[in-house]
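Work through the following exercises with the sequence and the coordinates at hand, and try each task before reading its solution.

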Amino acid sequence: MTLDEAAPVASAPRRRAAGDPVKALLHRHRALCERAVDPLEIAAGLEAQGMTDRTAARFRHRDVFSLAEELYARTPRGDEPAAPSDARPSDARALRGFGCALLPGALALGAGAAGMPFAGPAAVLVTVAALVWPGRPGRAAAGRFPYAVLLLAAAAVGWAVYRHGTPLGVALALAAAPGQLVGAVFAARARSRLAGSRALEDFADRARPLLFAAVLAFGAAAAGAAALAGTPLGPAVPLAVVLFLTRLLLGHGAPRGPVAAALALALVPTPLAVPAAAAGLLVHAVLALSRASAHAARP
């Protein structure tokens, strides 16, 4: 055999390796693929790192979801099956969260009804505490507790209670429980929409109406809380929506900058400041929460 005849044989393995771009991608994202419990987490992780359906075409896949399925299938795993036992603990955690979220409203309502001199500050304290307990949404945002966001939230709520009276603080505290419930339902349904989607744009189209429905449902609940507390709807509902979106965004790992900016805007002493903050935060939520990476399973 001549040297020219042997050359194609020697170069065949190199061509085969170059013809398998998914293998290189698997090596690059091995930690993500080994940690994932299903292909959805891989898809969310790839999207968080900037991959789009158009990028997936370079790896011979029609979308990120099908690429994630191949990566998941090709990742070496142990023999133990991935037990789908997360549903029950997750449901129990959501139920405990709703029970704990009832406490701020009960405490604020009791303090206001008893005419305690510090009922207003107490309502501010329990309202801000409801943003992080239960669930500690700040952990998901960047691994550290969002002290700056909490301070801004406390300032915004305290300023509003100072201007409009203790009943406003009671209304915001009462809205914590429906906020927890609506947020849990939104998270569960968004996760199910993610499971049924076949492209990133498809999931975004499914997630946006779900978010609008959640905000409308919470707004109605906040209006009911304001009526129960005896405070006008105008200042109460927009600020309650700001707090609801704050919790929702931090709980899904969204950047804190727009959240902090909206809370800072709510401190401006003009009637339109809080509605403008709510509108701006809603725009940010539509952009952030329509991404698959916002709904990856979190510990």
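**Exercise 1.** Determine what volume the largest cavity has, and which elements give two or more residues to its lining.

*Solution.* The largest cavity has a volume of about 160 Å³, where a cavity is a set of points, on a 1 Å grid over the protein atoms alone, at which a 1.4 Å probe fits but cannot get out, and where the volume is the space filled by probe spheres set on points joined across faces, edges and corners. This is a predicted model, in which local features need pLDDT of at least 70 and side-chain atom pairs count only at pLDDT 80 or more, whereas totals for chains, interfaces and linings use all residues. Residues are numbered from 1 along each chain as its sequence is written, and side-chain values use heavy atoms, with hydrogens and water left out.

Next, take the lining, that is, the residues with an atom within 4 Å of a point: it consists of 13 residues, of which L131, A175, A176, L243 and F244 lie nearest the centre of the largest cavity. The elements giving two or more residues to this lining are α8 (119–132), α12 (176–196) and α14 (233–251), helices being DSSP runs of H or I with at least four residues, numbered from the N terminus. Of the elements, α14 gives the most, with four residues.

**Exercise 2.** Work out at what angle helix α10 and α14 pack, and which residues make the contact.

*Solution.* Start from the axes, which are lines fitted to C-alpha atoms over the stretch in contact, with angles running from 0 to 180 degrees between N-to-C directions. For α10 (residues 147–164) and α14 the angle is about 170°, and the axes are 11 Å apart. Therefore α10 is roughly antiparallel to α14, a label that applies to angles over 145 degrees.

Then list the contact, defined by heavy atoms within 4.5 Å: α10 supplies V149, A153, A156, V157, A160 and H164, while α14 supplies P235, L239, L243, T246 and L250. These residues divide into nine nonpolar, two polar and no charged, with Ala, Val, Leu, Ile, Met, Phe, Trp, Tyr, Cys and Pro counted as nonpolar, Asp, Glu, Lys and Arg as charged, and the others, Gly among them, as polar.

**Exercise 3.** Decide whether D63 is buried or exposed, and state where D63 is found.

*Solution.* D63 is found in the loop between α5 (53–56) and α6 (64–74). Its relative accessible area is 4%, so D63 is buried, the cut-off being under 20% with a 1.4 Å probe and protein chains only. Finally, D63 and L200 are 137 residues apart in sequence, yet 7.6 Å apart in space, C-alpha to C-alpha.

Methods
Buried < 20%, exposed > 50% of the residue type's maximum accessible area, 1.4 Å probe, protein only. 1 Å grid on protein atoms, 1.4 Å probe; cavity = no way out; pocket = protein on both sides within 12 Å on 5 of 7 lines; lining within 4 Å. Parallel < 35°, antiparallel > 145°, perpendicular 65-115°, else oblique.
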